[in-house]
Amino acid sequence: MEKELFNKKEFIKDVQDNVKNQYRKTIKEASQQEIFQAVSLAIKDVIIDQWLATQRSFDKQDPKIVYYMSMEFLMGRALGNNLINLKCYKEVKEALEEMGLNLDIIEDQEPDPALGNGGLGRLAACFMESLATLGYAAYGCGIRYRYGMFKQKIRDGFQVEVPDNWLKDGYPFELRRPEYSFEVKFGGYVRAETGENGRTKFTHEGYQSVNAIPYDMPIVGYGNHMVNTLVTWDAEPMNCFELDSFDKGDYHKAVEEENLARNLVEVLYPNDNHIAGKELRLKQQYFFVSASIQRAIARFKKNHPDIHQLPEKVTFQMNDTHPTVTVAELMRYLLDEEGLEWDEAWEITTKTCAYTNHTIMAEALEKWPIEIFSRLLPRIYQIVEEINRRFILDIQRKYPNNQEKMRKMAIVYDGQVKMAHLAIAAGYSVNGVARLHTEILKNQELKDFYEMFPQKFNNKTNGITQRRFLLHGNPLLADWVSGKIGDDWITDLPHLKRLEIYADDKKAQQEFMQIKYQNKLRLAEYIRKHNGVEVNPRSIFDVQVKRLHEYKRQLLNILHVMYLYNTIKEHPEMDFYPRTFIFGAKAAAGYRIAKLTIKLINNVANIINNDKSIDGKIKVVFLEDYRVSLAEWIFAAADVSEQISTASKEASGTGNMKFMLNGAPTLGTMDGANVEIVEEVGTENAFIFGMSSDEIINHEKYRDYHPMDIFNHDQDIRQVLMQLINGFYSQNDPELFRDLYNSLLNTQSTQYADTYFILADFRSYAEAQKKVMEAYKDEERWAKMAILNVANAGKFSSDRTIQDYVDDIWHLDPVTVDISDI
């Protein structure tokens, strides 16, 4: 639907017909939601033509396909992005204006699909978009969650989780494909019998099962007619309702499979603080992995009779440890369904599966109790046991008489199945997601595996799609950039380097700062409307938006705000440039400290925002229900990018890249991709503070950090911490924030001793914040820094990341889509 293909008359008629046929209404009678559905269906018709052409091109060219296996795909709204990638956004906007309709309002009717939560899921979404734009054949594979993780409400300052019912009006960009459904089995037992050929045959019996139904969502490439597919799996009972069981009084059995199917796809990351939650998470992981592998092999066998050729045409990329049961399920299929011998199956599996590690945090390297794993997935557990037995023999051959190596590397050990170990033992590639992260994996967390398999390990620094986070999210800046250097940057982000010549140009600086101001006005209006807080768009918008976790140190940020407030109260005459501190974050439902941090931020906001004596010098805002569509506005408006994780803990981060692309300098530690951002933009165009990753790792090793010493010797820090427990921010319940206080000072417990070095980095952080304020006062200096951040963001495109995966791991060939018969 490029300019020459866009027919305004036809489009207007399609929208009118869709409203009439779907709702029996005219455009004037239709609601905005109904108009959104009608416009989306008109665009979907165009997409489907290109989707069909893409599939025909796949059939003709027979490309190798990557299946991107991920528990999360945080897609964001589809309508605007699809229009941009079809290269008809402005034309559609004009056509709708002729009809008396506003595209911005129509886009706002679309819910963010609740298929993901954090950076892991957003990265998967960027990767899918880049794969399509670069012309590589790919299928994303995940779960069609009915309610996502949750929609966040803030009530009395507390996070409250409510269902995110994103499907209530139907989702126009998905297609239900029941003809490609597959059975997935749980529980039961495995019967082994020897066949005539002397080979043992394993039969799964007494199981429960569900029907996995795929829903296809189009992933449109930019201007190349390529449409890849995100497959999200829904679950339905194999038999609609067991009337016989019901009639006999066994009501529970009658609805058992129905409940199993419903529970599998209701929510992302069910609370696993209890056994039922753990079981559900494991079932979810196996459910989408098994269905995806069955679908991939069925697609492969349509044109390839020899299963041994699978690695030449298929690769499964496991996005973190959640989908690593892929290894054992592929082995099961090859052994039990295809009848291969173990060595044949292992040869295929180890050339087909690749693993991305996304974390240094031990808690995220999944481990399953053997009791749960073997009971829910009995055949899969048998296969894992055999993989482990053979792997241990390999370890013993390489490291004779080294029990410590075996203990640290075994897949099944100490009553647990260690999924990361399974992925590394079987994967042909193991990659980290930023250079520092990969080095820490090689030298610390996965050192033993690196020593045994150095050839498997590689780095692929994360990236983001500029088409969503600049072209769509910040149209004012996108137009300005294209006006200066042309629009090649849309598919070649390093082209932004040509902006550097404008960094010292006074007129360009003023234009840039005016665009930032307009974006700040837009966000300020959103804040007024949703938070009831008036913020000054001329103030510094200091922003931290990301999943709430202790290592990301939102607590450091708000403790510093409390310190600034104390300082202003004591010295009202001091020179202080107005600051607006903006937070956005969801905390996992069972994560008490994280949820308490949200409450603290909101209580501090309530006190500071209502204190007239400080004359609006500080405002604090917590934006409810942080999501992709809101993030686009936030990145466009931010002045300062808070990337303040404890060094060595953040694998990469991608929010840091989105802020950089929108002209917000980084205030951060040398952690994750911050290291590479500073390399690109220069230390003089960022604000770096805190201990290095080596210093943190050494403190952890020698356990020589004592936060109580800081508390005793630093009066300002002591005052802030005492305000956590003296009722200053919680008059009705002075003990409310006691757990936060204890987390920083209780050195009697390994769990509570300022694990993330907040007090150790506090003074360095406060100094960096002073430097931010001084730099911002000099508008020319700040404008130059901001423009240079945009100009040097070229490395951080997901297009570059994907090309690195293609060159080093997947070895795909691009597909040319023939649209001559559309």
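Modeller: The answer below starts with the whole, turns to the strand, and ends with other packed elements and charged pairs.

This is a predicted model, in which local features need pLDDT of at least 70 and side-chain atom pairs count only at pLDDT 80 or more, while totals for chains, interfaces and linings use all residues. Residues are numbered from 1 along each chain as its sequence is written, and side-chain values use heavy atoms, with hydrogens and water left out.

The secondary structure comprises 33 helices and 23 strands; helices (H or I, at least four residues) and strands (E, at least two) are DSSP runs, numbered from the N terminus. The radius of gyration is 27 Å, close to the 28 Å of the globule rule for 822 residues, so the protein is as compact as a globular protein of that length. That radius is taken over C-alpha atoms, and the rule is 2.2 Å times the number of residues to the power 0.38. Along the principal axes, the C-alpha atoms fill a box of roughly 90 × 75 × 60 Å. Of the 822 residues, 61% are buried, where buried means under 20% relative accessible area, exposed over 50%, and partly exposed in between (1.4 Å probe, protein chains only). The protein exposes about 32100 Å², of which carbon and sulfur atoms supply 47%; accessible areas come from the Shrake-Rupley method with a 1.4 Å probe, and for residues only the protein chains shown count as cover. Among contacts (heavy atoms within 4.5 Å) between residues at least 6 apart in sequence, 77% join residues at least 24 apart.

Strand β20 (residues 618-622) is largely enclosed by the rest of the structure, because five of its five residues are buried. Ile-618, Val-620 and Phe-622 point one way from β20, Lys-619 and Val-621 point the other way, and all are buried. In a regular strand the side chains alternate between the two faces of the sheet. Strand β20 belongs to an open sheet of six strands with parallel pairing, in the order β20-β19-β18-β21-β22-β23. The edge strands are β20 and β23 (687-688), each of which pairs on one side only. The partner of β20 is strand β19 (residues 579-584), joined to it in the parallel sense over five bridges; two strands pair if DSSP finds at least two bridges between them. Within this pairing, Ile-582 stands opposite Val-621 in β20. From β19 the chain passes through helix α23 (residues 592-609) to β20 in a right-handed β-α-β crossover, that is, with the strands pointing away from the viewer, the path from the first strand over the helix to the second runs clockwise. Elsewhere in the sheet, strand β21 (residues 640-643) and strand β22 (residues 666-668) pair in the parallel sense over three bridges, with Glu-642 opposite Leu-667 in β22.

The buried residues of helix α30 (residues 738-745) are Leu-740, Tyr-741, Ser-743, Leu-744 and Leu-745.

Strand β6 runs antiparallel to strand β9 (residues 208-220), to which five bridges join it, and Phe-182 stands opposite Ala-212 in β9.

Charged pairs complete the picture. The model has 66 salt bridges, each being a side-chain nitrogen of Lys or Arg within 4 Å of a carboxyl oxygen of Asp or Glu. Asp-448 and Lys-405 form one of these, with closest N and O atoms 2.7 Å apart. Asp-448 lies in helix α18 (residues 447-452) and Lys-405 in helix α15 (residues 403-409), so this pair ties together parts that are 43 residues apart in sequence. Asp-448 is buried, at 13% relative accessible area, and Lys-405 is buried at 9%. Glu-525 and Arg-528 meet in a salt bridge at 2.6 Å, N to O; both lie in helix α21 (residues 506-531), three residues apart, about one turn of the helix. Glu-525 is partly exposed at 39% relative accessibility, and Arg-528 is partly exposed at 36%. Arg-144, Arg-146, Glu-174 and Asp-234 are linked in a network of salt bridges.
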